[in-house]
Amino acid sequence: MKQFAQWERQATAHKSRGGAWWKAKDGENIIRIFGFQHTITDGDFALGRVGRGPDEPKTGDDTTQFFLAYRHHFLRGGPITCGTIKKLDGRYAGNCETCDEARELKDSPVDADKAAYSRMKAKVRYAMTILPAGEAETKVWECGQTIIDFLIESLKMMKTMPFGAEGRDLCVRYNPKAPPVNMYTCMWMDREDSDDLSSVDAKVPDLWLLPKYVPDAFSAYLQAAAPPEPAATPQPADEEEVASPPPSPKKARKRKKKAASPGTGDVVNFTHGDVLVGGTVVSEHPSEPECYLVQGELEGELLEFEVYLTDIV
Ligand SMILES: [Zn+2]
């Protein structure tokens, strides 16, 4: 019965992520990454996606891109787009209530607050368009830093880019039981061992024009004719308007049947919002009863979670 409950929860977690978004299955996943064409706009400069050096593209230039970088907060109610953007020059622009709240936790002397900070702070994510082997429709893969680092590093050694119908397959191995840093491992397949996709008519959206990944305050910059660039505000922004804060993680948790108490080093699966996450128990929580600090990977990001016994499946 317990196994069935886990299957059901996994199926629900996948369903709620939407059909157009890709989630690796346990074991080997063969995918093809598709680059996309993007014509540089004035807004791209305002959003800090391109720099202003002599070798940088200019407004109107046609470029090939393969990923979009963005910032998200993973909250128990689901991910939300951070209200700030980080530009190529390292400056931040915009304001974000969730970032403000996370910063207050960061300097707290309480360990539990520090753990809450690491969970709540904005995470850099990367979106790519991929075609999973054997599927007809492209999907968006939202991955973390370790995967994009692997891709960038490996591309340096390639004479031709491995993207698109004529490109090379990427083998993504996903092992939810591995230590968190090793949950995803990637390997490029040789061109001759890669699927022939020349007959596939893949739809490849310009991810740089998708509003989903851009804070609302900056959405005007997605249009070709963008307004002038505002002054970037450095973080932290001290003067903040306190609106309704995001729900406390503890209050949002659901009451469920208790699992057996795990020990340090045990591998556990637990629910985080509507996502099932695997991780390793680091210790019991220093102050909360029936709560554990668990190191796990969410969306390619290594995090420490406060996990209540009731959230362990
Ligand atoms: Zn934020």
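This is a predicted model: local features need pLDDT of at least 70, side-chain atom pairs count only at pLDDT 80 or more; totals for chains, interfaces and linings use all residues.
Select Ile 147 to begin: this residue is buried, since 20 C-beta neighbours lie inside 10 Å, where buried means 20 or more other C-beta atoms within 10 Å of the residue's own, exposed means 12 or fewer, and partly exposed lies in between, with C-beta atoms placed from the backbone. Ile 147 belongs to helix α5, which covers residues 145-155; helices (H or I, at least four residues) and strands (E, at least two) are DSSP runs numbered from the N terminus.

Residues are numbered from 1 along each chain as its sequence is written.

Now colour the chain by pLDDT, the predictor's confidence in each residue, from 0 to 100. The protein chain averages 82, and 81% of the residues score at least 70. Two stretches call for care: residues 13-19 stay under 50 and have six contacts beyond four places in sequence in the model, and residues 236-255 also stay under 50, with 21 contacts of that kind; a contact here means that two C-beta atoms, placed from the backbone, lie within 7 Å.

With the whole chain in view, the secondary structure comes to six helices and 15 strands. Of the 313 residues, 30% are buried, and among contacts between residues at least 6 apart in sequence, 63% join residues at least 24 apart.

Next, select residues 97-106 and 111-120, which are helices α3 and α4. Two packed helices are described by the angle between their axes and the distance between the axes. For α3 and α4 the angle is about 150° and the axes are 8 Å apart, the axes being lines fitted to C-alpha atoms over the stretch in contact, with angles from 0 to 180 degrees between N-to-C directions. The two helices are therefore roughly antiparallel to each other, a term for angles over 145 degrees. To see what meets across this pair, show Thr 98, Glu 101, Ala 102, Leu 105 and Lys 106 in α3 together with Asp 113, Lys 114, Ala 116, Tyr 117 and Met 120 in α4.

Move on to Val 275 in strand β13, residues 275-284. Val 275 is buried because 21 C-beta neighbours lie inside 10 Å, and its C-alpha atom is separated by 9.1 Å from that of Arg 76, 199 residues away along the chain.

Then turn to Asp 195, in the loop between β11 (184-188) and α6 (249-252). Asp 195 is partly exposed because 16 other C-beta atoms lie within 10 Å; leaving aside residues up to four places away in sequence, Asp 195 touches Ala 133 and Asp 169.

Finish at Glu 299, in the loop between β14 (291-298) and β15 (301-308). Glu 299 counts as partly exposed, with 18 C-beta neighbours inside 10 Å, and touches Arg 125, Glu 142 and Gly 144 when residues up to four places away in sequence are not counted. Glu 299 and Glu 142 are 157 residues apart in sequence, yet 7.1 Å apart in space from C-alpha to C-alpha.

Methods
Angles under 35 degrees count as roughly parallel, over 145 as roughly antiparallel, 65 to 115 as roughly perpendicular and the rest as oblique.
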